[in-house]
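User: Could you walk me through this model? I'd like to start with the core and then move on to other parts.

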Amino acid sequence: MVDNTELFAFMDAIRKQENAGGDYLLEHKPTFTNTEQGVKKVQALGAYGILDINWDVWSKQAGYEGADWRIPQIQDIVAANKLAEYYNNYGSWDLVAVAWYGGPGKAKTAMESGIDAVGDLGNMEDFGPDIKTYVNNVISQYNESLKKPQPNLSVDAYAEQRNQDKFFTNAYNPRGEVMDLPNQSIM
């Protein structure tokens, strides 16, 4: 079972790796990836770089079916849910980073054969650094984030606090927008 203080530090590391600080409204450069339905155009979205093709499924799994990806609190909750799932499946943060960047198949290979088995490969979109470089960057940032005090909160409370606290809002939303937690009808 994942410890929330570790989870929040890891989320901080992913936000910093994915877009240098966590712009929740960032629409990353579109690219292409292989899917079960063939090659598809995809776009990473928001602070965690969640692929648009994953958003609907992941938000439903997190209990927010139909939620708009642009809502910072929901991004935090969806990312936390998927990262915790990966941690519970793989048992280590380095393998979680592999799954986040390269997909669960590459994380399974790394779990069975070691990270070197996938380290030279790219991510699902074949864009960015190789997996080993990505994992090293995330784990380095995670270790730095662990040195900072992490809140002892539930994921929902963490997401709400992060996005209503002026420090976090200004630090992670370059537009300086304070976004209220939406009502249930739009989630």
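This is a predicted model: local features need pLDDT of at least 70, side-chain atom pairs count only at pLDDT 80 or more; totals for chains, interfaces and linings use all residues.

User: OK, which residues have the most contacts inside the largest nonpolar core?

Analyst: They are Leu7, Phe10, Met11, Tyr48, Ile50, Trp93 and Trp100, in a core of 49 residues. A nonpolar core here is a set of buried Ala, Val, Leu, Ile, Met, Phe, Trp, Tyr and Cys residues joined through side-chain atoms within 4.5 Å, and buried means under 20% relative accessible area with a 1.4 Å probe, protein chains only.

User: And which helix gives the most to it?

Analyst: Helix H3 does, with 10 residues; helices are DSSP runs of H or I with at least four residues, strands are runs of E with at least two, and both are numbered from the N terminus.

User: What does Met11 touch?

Analyst: Leaving out residues up to four places away in sequence, Met11 touches Tyr48, Asp76, Ala80, Leu83 and Tyr158, where contact means heavy atoms within 4.5 Å.

User: Switching topic, at what angle do H2 and H3 pack?

Analyst: Their angle is about 80 degrees and their axes are 9 Å apart, the axes being lines fitted to C-alpha atoms over the stretch in contact, with angles from 0 to 180 degrees between N-to-C directions. That makes H2 roughly perpendicular to H3, a label used for 65 to 115 degrees. Residues making this contact include Trp55 and Trp58 of H2 and Val78 and Tyr86 of H3.

User: Is Val138 buried or exposed?

Analyst: Val138 is buried, with a relative accessible area of 0%, and it lies in helix H6 (residues 131-147). Beyond its neighbours within four places in sequence, Val138 is in contact with Phe10, Ala13, Ile14, Gln17 and Ala97.

User: Which residues of H7 are buried, and why do they line one face?

Analyst: In H7 (residues 155-164) they are Val155, Tyr158, Ala159, Arg162 and Asn163. Seen down the helix axis, these buried residues fall within an arc of 115 degrees, so they line one face of H7; the arc is that of the directions from the axis to the C-beta atoms.

User: Last one: how do E1 and E2 pair?

Analyst: Strands E1 (residues 31-35) and E2 (residues 38-42) pair in the antiparallel sense over 5 bridges, pairing being counted if DSSP finds at least two bridges between the strands. A hairpin joins E1 to E2 through 2 residues, and Gly38 in E2 is the bridge partner of Thr35.

Note on methods:
Residues are numbered from 1 along each chain as its sequence is written. Side-chain values use heavy atoms; hydrogens and water are left out. Buried means under 20% relative accessible area, exposed over 50%, partly exposed in between (1.4 Å probe, protein chains only). Angles under 35 degrees count as roughly parallel, over 145 as roughly antiparallel, 65 to 115 as roughly perpendicular and the rest as oblique.
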